[in-house]
Amino acid sequence: MDFRDTPEEAAFRTEMREWLARETPAFWGDVRNRHGYPEPDRLREWSRMLYEAGFVGVSWPEEAGGHARPLPFSAVATEELARSGAPGHANVIGLGMAGPTIIAHGTPEQKAKYLKPLLTAQEVWCQGFSEPGSGSDLASLRTRAVRDGDEYVINGQKVWSSFAHMADRCILLARTDPDAPKHKGISYFLLDMHADGVETRPLVQITGDPEFNEIFLTDVRVPAESLVEGEGEGWRVAMTTLLHERASLGFALSARLEMFFNRLVDTIRADGDLGDAVVRDRVAGLYADLQALRFTNYRSLSTLLKTGMPGPEGSAMKLHWSLTNQRLTKLAIELQGAFATLDAGSDAAIDEGWWQYQQLRSRGNTIEAGTNEILRNIIAERVVGLPRSAR
């Protein structure tokens with residue numbers, strides 16, 4: 001495989017770099033230094049600008065509101081946005097999970113209703129999969145959906161729902177047949193987060209950010225046309241969602257890690273620590289990991305180009321990235337010596353506590369988007385070919 005850009009891809013990459021350098025909002029510098037998130041309205045407006053410039057929905061078909069470019073252009077756009085350090089699109093769940101699932105399984109009416117507002121961030125999406133007691137064993141979920149005429153009545157609770165506090169829509173799994181085997185009785189819904197009976201409660205992380213949320217559903221009425229595929233098809237549809245989640249993360253996470261790596265090297269060089277052989281060895285190991293992730297992303301892209309569906313490479317990438325990111329941020333803090341105990345808010349904190357924040361946030365990397373234990377099972381069964389574990 002030729003890893004170099006084609007002339008057309010190189011021109012697109014240059015165009016996007018120049019646009020980002022020119023258009024990245026001024027407020028973002030202050031927000032990033034505080035390690036927080038911009039106001040939702042500002043983030044939605046930035047997301048709309050990205051779409052109108054042609055850098056969102058790059059490879060989606062025109063009938064879905066996309067720009068219909070070849071798939072590698074989408075990888076370029078994802079990589080450049082992450083590498084630039086500019087704010088990302090408000091609709092992380094929508095672009096990486098809800099949108100591809102609706103394109104693959106949605107009705108024409110669902111595609112017409114949901115996809116364009118998703119791309120422009122007019123409507124932000126969240127995910128309602130995990131529950132208390134049903135995280136890694138997702139098929140054991142207990143949220144219940146009961147048919148009542150042209151509607152379903154849903155009761156239950158979801159947890160670890162990123163961005164649910166600002167979401168308008170939710171991809172939701174609920175049990176419609178309690179008597180069926182647990183993988184067979186699940187259905188997939190497109191939920192209006194503003195419907196009566198939907199309550200969201202933020203969960204404050206160790207970083208101090210309320211990025212995750214609980215969702216409580218009490219007699220929520222959902223139109224039957226919000227069902228994707230049909231009753232009992234939720235597990236199959238959810239597998240499409242999860243495959244796209246890990247595949248879409250690859251280039252963005254690797255580019256973001258590259259940005260972190262370059263920042264780490266600049267810091268080490270400024271402090272003169274590159275003369276230490278042990279430090280050089282650890283930095284070299286991180287660089288090798290970064291390159292391994294980069295080429296794994298290309299293998300994943302090759303699978304998607306050949307088959308139209310992401311392969312298990314995305315699971316391997318996410319697993320290795322989560323561990324590498326933790327090692328990188330840990331090294332950055334270790335090199336601060338006694339100053340490592342100082343966080344943002346202290347006048348003596350190095351880089352305003354930026355690395356401390358990133359280390360704390362990295363602790364969630366090995367849990368979100370599939371725990372590392374689950375990802376190892378997927379790799380063992382679907383890549384290595386080991387016997388399936390007992391269910």
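Predicted model: local features only at pLDDT ≥ 70, side-chain atom pairs only at ≥ 80, totals over all residues.
Seen as a whole, the chain has 11 helices and eight strands. Its radius of gyration is 21 Å, close to the 21 Å that the globule rule gives for 391 residues, so the chain is as compact as a globular protein of that length. Along the principal axes, the C-alpha trace of the chain spans about 70 × 45 × 45 Å. Of the 391 residues of the chain, 50% count as buried, and among the contacts with a separation of 6 or more, 71% are made by residues 24 or more positions apart. The accessible surface of the chain comes to about 18300 Å², and carbon and sulfur atoms account for 53% of that area.

The charges can be considered next. Side chains of opposite charge can pair when their charged atoms come close. The side chains of R22 and E23 meet in a salt bridge with an N to O distance of 3.4 Å; R22 is exposed, with a relative accessible area of 55%, whereas E23 is partly exposed at 29%. A salt bridge also joins the side chains of R201 and E199, at 2.9 Å from N to O, and here R201 is partly exposed, with a relative accessible area of 39%, as is E199 with 37%. The side chains of R236 and E233 likewise meet in a salt bridge, at 2.9 Å from N to O, where R236 counts as partly exposed at 42% relative accessibility and E233 is partly exposed with a relative accessible area of 30%. Elsewhere, salt bridges that share partners join D5, R13, R17, E79, E80, R83 and E258 into one network.

Helix α10 covers residues 354-362, and eight of its nine residues are buried, so the helix is largely enclosed by the rest of the structure. The buried residues of α10 are W354, W355, Q356, Y357, Q358, Q359, R361 and S362. How buried is R361, a residue placed in helix α10? Its relative accessible area is 12%, and R361 therefore counts as buried, the limit being under 20%. Leaving aside its neighbours within four places in sequence, R361 is in contact with Q205, T207, E211, F212 and E368.

Y188 lies in strand β5 (residues 186-192) and is buried, with a relative accessible area of 0%. Not counting residues up to four places away in sequence, Y188 touches T101, F129, I171, L172, L173, S226, L227, V228, G234, V237, A238 and T241. As a guide to distances in the model, Y188 and S47 are 141 residues apart in sequence and, from C-alpha to C-alpha, 27 Å apart in space.

Two residues remain to be examined for their backbone angles. Most residues other than glycine have a negative phi, and most peptide bonds are trans. Against that background, A121 has a phi near 65°, a positive value in a residue other than glycine, and its place is in the loop between α6 (108-119) and β1 (125-128). W160, the residue of the opening question, has a phi near 60°, which is again positive in a residue other than glycine.

Conventions. Residues numbered from 1 in each chain as written. Heavy atoms only, no water. Helix = DSSP H or I, 4+ residues; strand = E, 2+ residues; numbered from the N terminus. Rg over C-alpha atoms; globule rule 2.2 N^0.38 Å. Buried < 20%, exposed > 50% of the residue type's maximum accessible area, 1.4 Å probe, protein only. Contact = heavy atoms within 4.5 Å. Areas by Shrake-Rupley, 256 points an atom, 1.4 Å probe, with all protein chains shown as cover. Salt bridge = Lys/Arg side-chain N within 4 Å of Asp/Glu carboxyl O.
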